[in-house]
Amino acid sequence: MSQPTYILAIESSCDDTSAAVLKNDLVLSNEVASQKVHEQYGGVVPELASRAHQKNIVPVVDQALTKANITTKQLHAIAFTSGPGLMGSLLVGTSFAKSLALSLNVPLIDVHHMQAHILAHFINDGSPAPKFPFLCLTVSGGHTQIVKVKDYFDFEVLGETIDDAAGEAFDKTAKILGLPYPGGPVIQKLAETGNPERFQFSKPNIEGYNYSFSGFKTSILYAMQKEVKANPNFVKENLNDICASVQKSILDILFKKLEKAVKDTGINRVAIAGGVSANQPLRERLEAHKTWETFIPKFEYTTDNAAMIGITAYLKFLDKNFTDVSVTAKARMKL
Ligand code: KG4
Ligand code: ZN
């Protein structure tokens, strides 16, 4: 039997510092240090994020190795997120990974963050992986796309947001409502006891499979400003209904285009990926499509994590698709 491949993967594209160790396609450890510092600002403050990554990276990598019971000498490759993301944050992971690979004299593997969100479906965790081709709704804080996945590294973006991402719609609404960052999980929780039909917000009317969330966000802002003028306690008194209505509207927008893509392409294998795919009602709504074969990532592989970087790196390792120390981090990257 051939020797297993051990890969250490590092993710630092936004506000989570994460390190994972994989044995082939199995995750041995997946440690995440989330940065609490951004909560009070209603969004990620890039300068604070990169400083927190610098502070967290050594302990997080150390924890990942300890938990996996692996020493650096056993590693066959070092993987890291090269983009897209915040430059200052990406640079921390990139330079750390480069120096470690150089000192251990093992291959270095650069990983595209959004490819990794999708390829997280191939982590060997007991759940069936989608067969090709499949459609993936990738919904995160920075991206919203409907992707046709033809092979591990063959992606076709059918549609994407022309302005804000779905995660941003949650986060910016939370800010309008005076709720902390990240807004998604807070809005989901408050929505549990709210009436989703109570408020209507403007829905985008945009062609093809593209999305737009900026007009929707502005319509929430104006609606709230108008109500608060009449009753200063309006938000507080109606918070659960507002959150339930906002969440339902975001899901309506997402599913309208996804359903159209399934119908038009005839591909009914449908996966979700990215931080917003942690949303429970979104997961339930996907599963409610009984004629679709649906793929929902485990909760820990939805929001930013290094295990997804590790599985992508393992698939690249099999192809000997390595990079070298001249590689640079990129804030923007095409899928
Ligand atoms: O993928 P991710 O961790 O980071 C990026 O690559 O952007 O996604 C973060 C986004 C945030 O906008 C956050 O509010 C959203 O995912 N999110 C959620 C939930 N958990 C995280 N949105 C809705 N419901 C959730 N339960
Ligand atoms: Zn992400």
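This report covers a metal site, a pocket, a helix, several side-chain contacts and some backbone features of a predicted model.

**Zinc site**

The zinc ion (ligand 2) has three donor atoms listed by residue: NE2 of His 113, NE2 of His 117 and OD of Asp 304, at 2.0 to 2.1 Å. Along the sequence these donor residues follow the spacing H-x3-H-x186-D. His 113 belongs to helix α3 (residues 113-119), whereas Asp 304 sits in the loop between β10 (293-295) and α9 (306-318), so the pair ties together parts that are 191 residues apart in sequence. His 113 is buried because its relative accessibility is 5%, under the 20% cut-off. Asp 304 has a relative accessible area of 14% and therefore also counts as buried.

**Largest pocket**

At least two lining residues come from each of β3 (26-34), α3, β8 (154-160), α4 and α5. Helix α4 contributes the most, with five residues.

**Helix α5**

Helix α5 spans residues 183-191, and its buried residues are Gly 183, Gly 184, Ile 187, Gln 188 and Ala 191. Viewed down the axis of α5, these buried residues fall within an arc of 130 degrees, so they line one face of the helix. An α-helix has 3.6 residues a turn, so residues three or four places apart point the same way. Pro 185 and Lys 189 are exposed, on the face of α5 turned away from its buried side. The packing partners of the buried residues of α5 are α4 (166-176), α7 (234-265) and α8 (280-287).

| Side chain | Backbone atom | Distance |
|---|---|---|
| Ser 18 | oxygen of Glu 31 | 2.8 Å |
| Ser 18 | nitrogen of Ala 306 | 2.8 Å |
| Ser 245 | oxygen of Asn 195 | 3.3 Å |
| Lys 330 | oxygen of Thr 328 | 3.2 Å |

Ser 18 is part of strand β2 (residues 16-23). With 1% relative accessibility, Ser 18 counts as buried. Beyond four places in sequence, Ser 18 touches Ala 9, Ile 10, Glu 11, Asn 30, Glu 31, Val 32, Val 60, Asn 305 and Ala 306. Both backbone partners of the Ser 18 side chain, Glu 31 and Ala 306, are therefore among these contacts.

Ser 245 lies in helix α7. Its relative accessible area is 1%, so Ser 245 is buried. Apart from neighbours within four places in sequence, Ser 245 is in contact with Asn 195, Pro 196, Glu 197, Arg 198, Phe 199 and Phe 201.

Lys 330 is in the segment after α9. Residues up to four places away in sequence aside, Lys 330 touches Ser 82, Gly 83, Pro 84, Gly 85 and Leu 90. Lys 330 and Lys 55 are separated by 275 residues in sequence and by 22 Å in space, C-alpha to C-alpha.

**Backbone features**

Most residues other than glycine have a negative phi, and most peptide bonds are trans. Some residues of this model depart from that pattern.

Two of the contacts of Lys 330, Gly 83 and Pro 84, are joined by a cis peptide bond with omega near -10 degrees. Pro 84 is located in the loop between β4 (77-83) and α2 (87-104). The peptide bond from Phe 132 to Pro 133 is cis as well, with omega about -10 degrees. Pro 133 occupies the loop between α3 and β6 (134-139).

Asn 69 has a positive phi, near 60 degrees. It is placed in the loop between α1 (46-68) and β4, and at 68% relative accessibility Asn 69 counts as exposed. Lys 320 also has a positive phi, near 50 degrees. Lys 320 falls in the segment after α9, where its relative accessible area of 65% makes it exposed.

Terms used:
Residues numbered from 1 in each chain as written. Chains lettered and ligands numbered in written order. Predicted model: local features only at pLDDT ≥ 70, side-chain atom pairs only at ≥ 80, totals over all residues. Heavy atoms only, no water. Buried < 20%, exposed > 50% of the residue type's maximum accessible area, 1.4 Å probe, protein only. Helix = DSSP H or I, 4+ residues; strand = E, 2+ residues; numbered from the N terminus. Arc of directions from axis to C-beta. Contact = heavy atoms within 4.5 Å. Donors = N, O, S within 2.8 Å, 3.2 Å for Na, K, Ca; no water. Polar contact = N/O pair within 3.5 Å; in protein donor to acceptor, adjacent residues only side chain to side chain.
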